[in-house]
Structure formats: C-alpha cells, structure tokens
Amino acid sequence: RMSRDAALLLSARAAVTVEDVQSTAARLREWLASSGARLAAGDRARDVVRTGVGAADRTVALVVRLLE
C-alpha cells in the first residue's frame with residue numbers, strides 16, 4: 001500500500017515508481033543527463049511539500065473551532 005505522501009508526489013509528477021535495478025538506473029541516468037528534467041521534478045516536489053506546510057496547525061484550529 002502506498003503512503004499518502006508518495007501518492008501526492010507521484011500525482012504531481014514529482015516522483016516516479018521504479019520496479020527494479022534497471023528502471024532505477026534508467027531514471028537516474030535521465031535525471032543526471034537532463035538538468036531540466038531533474039530541476040522540474042525537484043520544483044514539483046517542493047510545491048507538494050509547501051502545500052502541506054501548516055497542515056497540523058490548520059487541523060488544530062479546526063478542531064478547536066468545532067469544540068467551542
């Protein structure tokens with residue numbers, strides 16, 4: 001079963017799934033050869049992380065409002 005964070009990264013094309021050593025090596029070669037592809041994946045991953053920043057605080061605020 002996939003984690004929520006892994007699913008978010010995959011859906012944003014900020015991560016990839018690899019099945020074996022060969023597919024891992026192929027993806028690494030692609031990222032090493034193409035700074036554009038590597039930087040784009042990194043930017044997308046950063047965006048996914050930034051979207052979640054503060055989620056715990058927002059959840060606590062919601063619970064507090066519900067309990068009042």
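Me: What counts as buried, exposed or partly exposed here?
Reply: Buried is under 20% relative accessible area, exposed is over 50%, and partly exposed lies in between. Arginine 4 is at 62%, so it counts as exposed. Keep in mind that this is a predicted model.

Me: OK. How many salt bridges does the structure hold?
Reply: It holds three.

Me: Start with arginine 4. Which residue forms a salt bridge with it?
Reply: Aspartate 5 does. Their closest N and O atoms are 3.0 Å apart.

Me: And is aspartate 5 buried or partly exposed?
Reply: Aspartate 5 is partly exposed, with a relative accessible area of 48%.

Me: Next one. Which residue does arginine 27 meet in a salt bridge?
Reply: Glutamate 30. The N to O distance is 3.7 Å. That counts because the cut-off for a salt bridge is 4 Å.

Me: What about the salt bridge with aspartate 43?
Reply: Its partner is arginine 46, at 2.8 Å from N to O. Both residues are in helix H3, residues 35-52. They are three residues apart there, so again the separation is about one helical turn.

Me: Are aspartate 43 and arginine 46 buried or partly exposed?
Reply: Aspartate 43 is partly exposed, with 39% relative accessible area. Arginine 46 is partly exposed too, at 39%.

Me: Back to H2. What span should its residues have?
Reply: H2 has 13 residues, and at 1.5 Å a residue they should span 18 Å. The end C-alpha atoms are 18 Å apart, so the two values agree.

Me: What happens at the start of H2?
Reply: A side-chain oxygen of aspartate 20 reaches toward glutamine 22. The oxygen comes to within 3.2 Å of that residue's backbone nitrogen.

Me: How do the axes of H2 and H3 cross?
Reply: They cross at roughly 105 degrees and come within 5 Å. Angles of 65 to 115 degrees count as roughly perpendicular, so H2 and H3 are roughly perpendicular to each other.

Me: Which residues make that contact?
Reply: From H2, they are Glu30, Trp31, Leu32 and Ala33. From H3, they are Ser35, Ala37, Arg38 and Ala41. Glu30 also takes part in the salt bridge with arginine 27.

Me: Switching to loops. Where is arginine 13 found?
Reply: In the loop between helix H1 (4-11) and H2.

Me: What is its phi?
Reply: Phi of arginine 13 is near 60 degrees. That is a positive value in a residue other than glycine.

Me: Is arginine 13 buried or exposed?
Reply: Arginine 13 is exposed, with a relative accessible area of 57%.

Me: Last topic: leucine 10. Which helix is it in?
Reply: Leucine 10 lies in helix H1. It is partly exposed, at 25% relative accessible area.

Me: What does leucine 10 touch?
Reply: Not counting residues up to four places away in sequence, leucine 10 touches Met2, Ala15, Val16 and Thr17.

Me: And how far are the C-alpha atoms of leucine 10 and arginine 44 from each other?
Reply: They are separated by 9.9 Å. Along the chain, leucine 10 and arginine 44 are 34 residues apart.

Technical notes: Residues are numbered from 1 along each chain as its sequence is written. This is a predicted model: local features need pLDDT of at least 70, side-chain atom pairs count only at pLDDT 80 or more; totals for chains, interfaces and linings use all residues. Side-chain values use heavy atoms; hydrogens and water are left out. A salt bridge is a side-chain nitrogen of Lys or Arg within 4 Å of a carboxyl oxygen of Asp or Glu. Buried means under 20% relative accessible area, exposed over 50%, partly exposed in between (1.4 Å probe, protein chains only). Helices (H or I, at least four residues) and strands (E, at least two) are DSSP runs, numbered from the N terminus. The expected span of a helix is 1.5 Å times one less than its number of residues. A polar contact is a pair of N or O atoms within 3.5 Å; within protein, one must be able to donate a hydrogen and the other to accept it, and residues adjacent in sequence count only if both atoms are side-chain atoms. Contact means heavy atoms within 4.5 Å. Axes are lines fitted to C-alpha atoms, for helices over the stretch in contact, and angles run from 0 to 180 degrees between N-to-C directions. Angles under 35 degrees count as roughly parallel, over 145 as roughly antiparallel, 65 to 115 as roughly perpendicular and the rest as oblique.
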